[in-house]
Structure formats: structure tokens, C-alpha cells
Amino acid sequence: MGIRIREVDAGFSLESILQRAKQDLNDTLSLVRPILEEVRTRGDEAVRDFTLKFDKLEPSSFYHPVPDWKGTADPELVAALEKAKENISIFHKAQMPSDLDVQVSGNSLGIRYTPIESVTVYAPGGKALYPSTILMGVIPAKIAGVKHIQIVTPPQKEGIPDGLFAAAKIAGADAIVTAGGAQGIAAASYGTKSIPRSEFVIGPGNKFVTAAKILLSGQGVIGIDSPAGPSEVLVIADDSANPNWVAADLLSQAEHGEDSAAILCTDSMGFAKKVAAEIDLALKERPKRADIKKASIENESWILVFPNLDSCVDFSNLYAPEHLEIQTKNYKELFRKIKHAGSVFLGPYSPVAMGDYISGTNHILPTAGGSRIFSSLGVMTFLKRVTYQEVTRDSLEKLYPYVKVLSEFEGLDEEHGNSVKVRLPKREV
């Protein structure tokens, strides 16, 4: 069947594409609610029961302090993780804000930034293991000053892989918790006898993880980064781009899962057909995870041919992709017109995989149009703004008349207004 190619004109509706990964979680939410309640009331026992039910495993323990790990990992993997840490650290340290102090009407007003105290980083472990996600979640939290950081990940039959322990140690995590899915999120959110409670939970996961994060954050139990759906990429390319490279970039996203979306927006039908042919060829030549890639390409992915590149940009801003690549002759000019995207990859030598692993930006990103209101994960994700004010006596006297008018209008003058009035010199009363 192959990827679908459509020329975008007045007769073609883009609405179904725009709605793509905005999955209806109603059924999933109803399934997850009792899991959360069981973990809240029964703790470790419930986590153990659900782990046996869903993962078919019975871990002897859930909480594994990273400093206790005495194993060794592949030296090449360690070197790659160390280099990734170096780049991620440089980029994220540059994000640390400075405290603010400003004079307003004679008063000292300001902002102090203080970190969240405890964080859980969810690292998926179903169809693939993601030590890179451990780096992406833990390093910014450490830079922000978070005191306790634990990784929650599904248990593996052979135990925790040394590669995950190595990533956790390099990133600076305190522990790995082997409890996946909704039960893992619940355990980290409520806390159990063996699993410490976290105030904030971040990281991608399946629909059950997403549903658990939504429910628990809605109840005020935890804070979260953003609800996450299936992974996605949108590529804007003209006929100056290499069709083989663009096809590879679309397939690298399709490789994540059957529900991943890979979209090419171009102004050239000839280029569109070349990319489609490269995708067909690649699916035959690179069979690993072929069923997953094929399902994503045929069911969730598109090549859209627009009248011009500005129309491609307009669609991208509506779609608000998790990942956006711009491979055109004028990619810097087009980038200035982009308003909504999780992370943007500019020019022919910036595939998404560079950001996934090594460039230094963060790969924990909003999906399903979430980049219209959410940002990529960063140091600011883990910092709170504490505002302060130090009001002088002179300023209090000068500003009281305005407080009087406003508090009377709101019907709060008896106490709000009075709390200022009682501080005035007697001659002003």
C-alpha cells in the first residue's frame, strides 16, 4: 500500500490529520482509575499484583539504589552516554535563570527560583529500552537542584540491564524503580513502603502511563511535564532536499510504534513521489521492526503536497508537531515563521536522531499538538518562581489611596483595605 500522497486543495480536508494523536483516553482512564486506587490503598502489594498481571514478572524488590550497582556496561555505550551527558549539560546549564530584583514605586520586587524537591523520570521499557531518556530527564533536574531523582521503568526478565544502570549513574539519579505502566506511576506518586513518593513525574509512556499522569495531576497528587501521546515528526522539504534522507527521517519516527506519525509537507509532487519510492525501498531493504514501521507509514503517515512552502509552514503551525525538520533552500527564513513545535531541526544535516541522542537539546517533548501550549523539557521544568516584595513606609502611604479604591470596589475593604490602613501614620487615617 505504501505512504499516502495527497495534493492539498479546496477539496481535501486536513482535519483528520490535525486530530491524529489526540487520542480518546476515556476508555483508558476508566481502566486506570481502579489501578491507582489499589496502589494508593494497598501499596507494594498492589504493585506486585499488577506487575505479575501485566508484565508476567515477580520482582523480589522494586527500589534499587544506583550507588549500590557494582556491574559494568559496554565501554562503547558508556563513552556515548558520557558524550551525550557533556552536550546535554552544556545546553541545559545555559538555561539556568538569574534571580530578579526590580524597583517598582520605591519598593523592592523580585523573583527567586527554587527547585522542586523530588522527581520521577519515567523511562519506557516495552518495545525498546531508552537510556537516552534517563539522561534527558535526570540531567536537567540535577542542574536545577532537585534533591531526589528516581527512574521508574518496567521490569525486565533478566533484571535491570547494566546499560540502564550506567545511564542512571552517569546522569546522577538516586534509584531505579522497576514498576512500569499505571502502577509504576501510581507508586511513585502516592509512595509505598519501599518506593519513595515524588512530587513531580515526567517522561513519555504508553496510553496507560499518560492516563495515570493526567488523573494524578488532575487530583493534585503530582505535577507533570505534559500529557504525551504517540511520537511524531513533520518534515518541510523542497526539491533541493535529498529524498533518501527525508525518507530515512520519516522512517526513524515510524520505527517508534504503530501509532507514530510521520508527515512530509512539500511544494513538489515530483519530490513527493521520490520520497515515497525511497520509503518503499527502505522497507524492503531494512526489515528490522518492519511490521511496526509499515503500520505507521500506511495508517498514520502522509505526504502532503501544498501550493507553496508558506502553506507548509501554516499547516505545521496548526499541527504543532513534536519534532519539526526544515530541509529547504531557505530553511532559516522559514524557521522565523514557525510558532509551534516541540523541537526544530534545521538544514540537511540535522535529523531528529541527533536531538534524540547527542546534540544536547532535550527529546522529552509535547505531542499531539501540545507544543501550542507546552514547551520541551528543560531546567525551567523543575524550577518554581517565588516572587517577593519589600514595601517601604513611604510607598505604603503613597499607594494606600489606590488600595482603598480597589478593596472597596471588591467589597474587601474591611480587612484587606484595613490591613494597609492600620500601618499609616495617625495623621493619614
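Setting aside neighbours within four places in sequence, Glu322 is in contact (heavy atoms within 4.5 Å) with Pro230, Ser231, Glu232, Gln253, Gly342, Ser343, His363, Leu365, Pro366 and Thr367. The model is predicted, so local features need pLDDT of at least 70 and side-chain atom pairs count only at pLDDT 80 or more, while totals for chains, interfaces and linings use all residues. Residues are numbered from 1 along each chain as its sequence is written, and side-chain values use heavy atoms, with hydrogens and water left out.

Glu322 sits in the loop between helix 12 (309–319) and strand 13 (323–327); helices (H or I, at least four residues) and strands (E, at least two) are DSSP runs, numbered from the N terminus. Glu322 counts as buried because its relative accessibility is 6%, buried being under 20% relative accessible area with a 1.4 Å probe, protein chains only. The Glu322 side chain also makes a polar contact with the side chain of Ser231, at 3.0 Å. Such a contact is a pair of N or O atoms within 3.5 Å; within protein, one must be able to donate a hydrogen and the other to accept it, and residues adjacent in sequence count only if both atoms are side-chain atoms.

Next comes His323, which lies in strand 13 and is buried too, at 3% relative accessible area. A polar atom of the His323 side chain lies 2.7 Å from the backbone oxygen of Glu232. An unreviewed UniProt entry annotates Glu322 and His323 as "active site"; such annotations, given in the numbering used here with shortened feature names, may be inferred rather than shown by experiment.

Conventions
Buried < 20%, exposed > 50% of the residue type's maximum accessible area, 1.4 Å probe, protein only.
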